[in-house]
Amino acid sequence: MYLNVEKKQELFKNHGRLKSTTDTGSPESQIALFTYRINHLTEHLKRNKKDHSTRLGLLKLVGKRRSLLDYLHRNEIERYRAIIAELDLRK
């Protein structure tokens with residue numbers, strides 16, 4: 001599997017708000033996890049152009065990440081700017 005427990009814990013520790021391996025609920029850690037999955041699916045779709053079910057899943061993930069980013073932008077702009085800079089996301 002491309003995303004094992006150790007990789008998830010590393011993502012949560014590096015990008016989560018509390019900087020712990022069990023910080024799974026903060027928007028920052030969820031955005032980091034979604035970004036990792038989006039990058040993986042993007043590489044998959046470059047090789048398999050006709051995989052439409054994966055493309056649909058990718059679009060749903062992008063929408064979920066966008067809604068979490070919008071939430072951070074509305075409520076805590078500094079955390080939003082920090083996660084955008086950490087993950088090198090546009091906007």
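Helix axes are taken here as lines fitted to C-alpha atoms over the stretch in contact, and the angle between two axes runs from 0 to 180 degrees between N-to-C directions. All views show a predicted model.

**Figure 1. Packing of helix α2 against helix α3.** Helix α2 spans residues 27–47 and helix α3 spans residues 52–75. The two helices pack at an angle of about 155°, and their axes lie 9 Å apart. Because angles over 145 degrees count as roughly antiparallel, α2 is roughly antiparallel to α3. The crossing formed by α2 and α3 is left-handed.

**Figure 2. Residues in the contact of α2 with α3.** On the α2 side, the contact is made by P27, E28, Q30, I31, F34, T35, R37, I38, L41, T42, H44 and L45. Their counterparts in α3 are T54, R55, L58, L61, V62, K64, R65, L68, L69, Y71 and L72. By class, the residues of this contact comprise 13 nonpolar, five polar and five charged.

**Figure 3. Packing of helix α2 against helix α4.** Helix α4 covers residues 77–87 and packs with α2 at an angle of about 25°, with the axes of the pair 11 Å apart. Since angles under 35 degrees count as roughly parallel, α2 and α4 are roughly parallel to each other. The crossing of α2 with α4 is right-handed. Within α2, the contact residues are P27, E28, I31, A32 and T35, and these meet R79, I83 and L87 in α4. The contact of α2 with α4 is made up of five nonpolar residues, one polar residue and two charged residues. P27, E28, I31 and T35 are listed among the α2 residues that meet α3 and also among those that meet α4.

**Figure 4. The salt bridge of K46 and E43 in helix α2.** Side chains of opposite charge can pair when their charged atoms come close. The side chains of K46 and E43 form a salt bridge with an N to O distance of 3.4 Å. Both residues belong to helix α2, where they are three residues apart, about one turn of the helix. K46 counts as exposed because its relative accessibility is 52%, and the cut-off for exposed is over 50%. E43, with a relative accessible area of 41%, is partly exposed.

**Figure 5. The salt bridge of D70 and R66 in helix α3.** The closest N and O atoms of D70 and R66 are 3.3 Å apart. As D70 and R66 are four residues apart in helix α3, about one helical turn separates them. Both partners are partly exposed: D70 has a relative accessible area of 31%, and R66 has one of 27%.

**Figure 6. The salt bridge of E78 and R81 in helix α4.** The closest N and O atoms of E78 and R81 lie 3.2 Å apart. E78 and R81 are three residues apart in helix α4, about one turn of the helix. With a relative accessibility of 55%, E78 counts as exposed, whereas R81 is partly exposed at a relative accessible area of 49%.

**Figure 7. The salt-bridge network of E28, E76 and R79.** Salt bridges link E28, E76 and R79 in a network.

Note on methods
Residues are numbered from 1 along each chain as its sequence is written. This is a predicted model: local features need pLDDT of at least 70, side-chain atom pairs count only at pLDDT 80 or more; totals for chains, interfaces and linings use all residues. Side-chain values use heavy atoms; hydrogens and water are left out. Angles under 35 degrees count as roughly parallel, over 145 as roughly antiparallel, 65 to 115 as roughly perpendicular and the rest as oblique. A crossing is left-handed if the near helix is turned anticlockwise from the far one by less than a right angle, and right-handed if clockwise. Contact means heavy atoms within 4.5 Å. Ala, Val, Leu, Ile, Met, Phe, Trp, Tyr, Cys and Pro count as nonpolar, Asp, Glu, Lys and Arg as charged, and the others, Gly among them, as polar. A salt bridge is a side-chain nitrogen of Lys or Arg within 4 Å of a carboxyl oxygen of Asp or Glu. Buried means under 20% relative accessible area, exposed over 50%, partly exposed in between (1.4 Å probe, protein chains only).
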